[in-house]
Amino acid sequence: MISVSHKAKQFLVLVVKLLIVGAAFYFIYNQLMQNDRLDWDKFINLIKSKQSFASFAFILLLTFLNRFLEILKWQNLVSVIRKITVGEASRQVLGALTAAIFTPNGIGEYAGKALFFEKPQTKKIVFLNLICNGIQMILTVIFGLFGLLYFNASFQVITPQSVLILFGILVVVILLLFLAKRLTIKGYSIEKLIHKINEIPKTVHQKNVLLAIARYLVFSHQYYILFLLFDVDLPYWLLMATITSVYFLASSLPTFQFLDFAVKGSVALYFFGLLGVNEWIVVFISTLMWFLNVVLPVVIGSYFVLNFKSPWKS
């Protein structure tokens with residue numbers, strides 16, 4: 001077996017770090033500069049006309065809260081293994097987000113977070129990250145389904161018969177999962193997964209759910225407030241129903257983090273088009289949401305990637 005010197009390993013790690021950060025910035029720049037739908041002149045004129053520092057400061061505050069609540073969620077879940085500070089949780093969440101920007105549906109985040117812990121703890125960290133993301137997805141589905149029903153009641157996007165069929169399929173899937181909970185595949189089963197979840201203290205689960213709900217409300221209302229700033233005058237419940245529907249449907253599609261705004265933007269164009277909202281406003285708000293909640297954290301996370309030191313021992 002060919003042994004690699006310590007200096008060579010350090011050099012390879014540095015190259016990987018630079019590639020991750022360099023590629024992240026390239027994709028971000030490319031998506032912002034090469035998108036023909038973005039009319040920067042209109043956006044600049046809008047900013048000049050508003051000149052409301054308080055409004056934009058509040059949007060930035062919501063951006064901070066969105067990611068900070070995710071950091072607190074992770075700190076809370078990791079406490080079942082060991083206590084970590086908010087600073088450590090921030091480094092792990094933002095660093096993993098940067099490393100996962102090129103992977104479908106952010107799946108690289110699982111490996112990214114695991115690298116911050118000892119190798120024997122990898123499976124536990126992956127499982128905890130599944131719990132962390134899982135509760136957020138469940139909330140997205142619940143709010144999204146209610147949003148779709150409310151939206152559909154006004155615009156009849158799908159027929160009542162189709163709604164019943166969809167709910168019937170959902171009930172059948174839940175029943176099948178319940179009946180097959182003891183079915184074992186390569187040593188894994190739904191029953192074992194439930195048992196593992198129940199091993200985590202209830203207080204940790206309760207805090208995780210509360211933080212996830214708070215994060216969902218922050219994210220969705222950031223979307224809502226941006227529409228208000230762009231002078232979109234629609235009833236609160238209709239606008240929120242549309243936002244939750246868009247977020248649910250877009251999150252259901254396989255995509256990459258650096259293409260997230262393009263996917264959400266495409267879904268948003270259809271729904272907000274039915275409401276008569278100008279296309280360029282929808283595209284810009286989708287892009288801004290992506291910039292605020294993905295690009296800015298990735299920029300900060302790049303610092304943690306470049307300064308990353310793995311606890312793994314070869």
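I looked up Phe271 and found it buried, at 6% relative accessibility (buried is under 20% relative accessible area, exposed over 50%, partly exposed in between, with a 1.4 Å probe and protein chains only). I noted that Tyr270 is partly exposed, with a relative accessible area of 46%.

I record that this is a predicted model, in which local features need pLDDT of at least 70, side-chain atom pairs count only at pLDDT 80 or more, and totals for chains, interfaces and linings use all residues. Residues are numbered from 1 along each chain as its sequence is written, and side-chain values use heavy atoms, without hydrogens and water.

I checked confidence next (pLDDT, the predictor's confidence in each residue, from 0 to 100). The protein chain averages 78, and 70% of the residues score at least 70.

I then counted ring pairs (Phe, Tyr and Trp, the last by its six-membered ring, with centres within 6.5 Å; planes under 30 degrees apart are stacked, over 60 edge-to-face, the rest tilted). The count comes to 13 aromatic pairs.

Over residues 126–151 I found 100% helix and 0% strand, with the end C-alpha atoms 36 Å apart (helices are DSSP runs of H or I, at least four residues; strands are runs of E, at least two).
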